[in-house]
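The stops below are given in the order in which to select them.

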Amino acid sequence: MNGEDLYVGNIYQRFPINIAKGKGATVWDTSGREYIDCMGGYGVALVGHCNDRVVQAIKEQVENLITCHMSIYNDTRLKFLQKISEISPKQLSRFFFSNSGAESVEAAIKFSRKYTGKSGIISMNGGYHGKTYGALSVTFNEKYRKSFQPLLEGVKFVPPHTPSVIEEVLDENIGTVIVEPIQGETGIIVPEDGILQEIREICDRNNLVLIFDEIQTGLGRTGEMWAGQNWKTTPDIMCLAKGIAGGLPMGLTLCKPEILDSIKIGEHSSTFAGNPLACSAGIATIDSIVEDKLVENALHIGNLFKNGLLELQKKHKIIRDVRGLGLMLAVELRFDVRDVLMEGIKEGLLMLYSGRNIIRLLPPLVLDEVKVLKTLEIMDNILSKEEVRRNVK
Ligand SMILES: Cc1ncc(COP(=O)(O)O)c(C=O)c1O
């Protein structure tokens, strides 16, 4: 598109669009064309592109201090920690900073292993936790794993919606269970009521550390601050990243104190951890989520969006399923979605995929009714064309 491909490996599935500007749930390409952004930077643009609070906070911080290693104290970092503590489950009162989702998961796995003294982990079929070696070891998709064996030993995968299987495969080496409350990458797989509670109970009965990977689901995305709250379930460790710092890189691993206290000085670290610039953006992000009532908006606008998609399903045979919570939605088609995504770009709508036949929608939580209606209209047009093209009656 712009010559980048000459420099970067052919590693990402790329779209033919070159974005120059963003505001809220809208982005503009280099020619000034406007798009509704239901891709949301894979969920990173949580509080909207160039959120005013975030922009202002970064501007102020950048004039004072950009970097400050964790070995030195910093008041912006303290303020961020106080803010995130206010909105986090109160049991998870110790925090480890990193710079991405995979790093947040790496930390969680290491902390749990040290605390339990056990290396075995149970993860879910379909689970996605990132692509560094530890995170990849608990990621299910063989496509990502097969060229990088051997991965961590002692990981067992179980079907996500059958907690009883966890007890069946338990052995004395297992210390950890890792779960995405709603599976994102695999296609917005929402658990039935009671499943997460049952997993929590199994962990309690067997002294297992329960990790929730809320990297995609957390911070209001599902219409609750934490997706686990939809089923009144709190983990022992929670992983965050994506939109937590308004678009700047930050990973955060929230732990019960006794778990993080089991790690000794130097056993884990990251040079950029807790840098003041990301923390200033994080403070503004949390302010925006809370004061601009974005969790409530995700619920309200998410319901509106989902109902609209369900209406489309009645009209279009090509749609097999509509599912999701809040502004984490999926439209499963009976066909490959690639053409639909490409048509979307032509019509001014950015969408994501999950696997071959699922459209994933992770728009900023500032999305409004006008944009939802426009999005539905565009999708309606595209699906009508697709049905004609594929001759579906
Ligand atoms: C649930 C979940 N965990 C982990 C990750 C990995 O995050 P990152 O790409 O920042 O390493 C992702 C990214 O999509 C994710 O959705």
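Start by selecting Glu-343 and Lys-385, which form a salt bridge whose closest N and O atoms are 3.1 Å apart. A salt bridge here is a side-chain nitrogen of Lys or Arg within 4 Å of a carboxyl oxygen of Asp or Glu. The pair links distant parts of the chain: Glu-343 lies in helix α12 (residues 338–347) and Lys-385 in helix α13 (residues 369–390), 42 residues apart. Helices (H or I, at least four residues) and strands (E, at least two) are DSSP runs, numbered from the N terminus. Glu-343 is buried at 18% relative accessible area, whereas Lys-385 is partly exposed at 38%. Buried means under 20% relative accessible area, exposed means over 50%, and partly exposed is in between (1.4 Å probe, protein chains only).

Before going on, note that this is a predicted model: local features need pLDDT of at least 70, side-chain atom pairs count only at pLDDT 80 or more, and totals for chains, interfaces and linings use all residues. Residues are numbered from 1 along each chain as its sequence is written, and side-chain values use heavy atoms, with hydrogens and water left out.

**Further salt bridges**

The count of salt bridges comes to 26. Select Asp-287 and Lys-83 next; their closest N and O atoms are 2.7 Å apart.

Then move to Lys-114 and Glu-267, a salt bridge with its closest N and O atoms 2.8 Å apart. Here helix α4 (residues 101–116) supplies Lys-114, and the loop between α9 (257–260) and α10 supplies Glu-267. Lys-114 is partly exposed at 33% relative accessibility, and Glu-267 is partly exposed at 35%.

For a network of salt bridges, select Arg-200, Asp-204, Asp-236 and Lys-256 together.

**The sheets**

Switch to a cartoon view and find the open sheet of seven strands, in the order β4-β10-β9-β8-β7-β5-β6, with mixed pairing. Two strands pair if DSSP finds at least two bridges between them. β4 (94–98) and β6 (155–158) are at the edges, each with a single partner strand, so one side of each has no neighbour in the sheet. The twist averages 20 degrees from one strand to the next, with axes fitted to C-alpha atoms and angles running from 0 to 180 degrees between N-to-C directions. Within this sheet, β7 (residues 174–179) runs parallel to β8 and is joined to β8 by four bridges. Which residue of β8 is the bridge partner of Val-179? The partner is Phe-212.

Follow the chain out of β8 to Thr-217, in the loop between β8 (209–213) and β9 (237–240). Thr-217 is buried, at 1% relative accessible area.

Now select the open sheet of four strands, ordered β11-β12-β15-β14 with antiparallel pairing. Its edge strands are β11 (319–325) and β14 (352–354), each pairing on one side only. Three bridges join β14 to β15 (residues 358–361), and Ser-354 stands opposite Ile-358 in β15.
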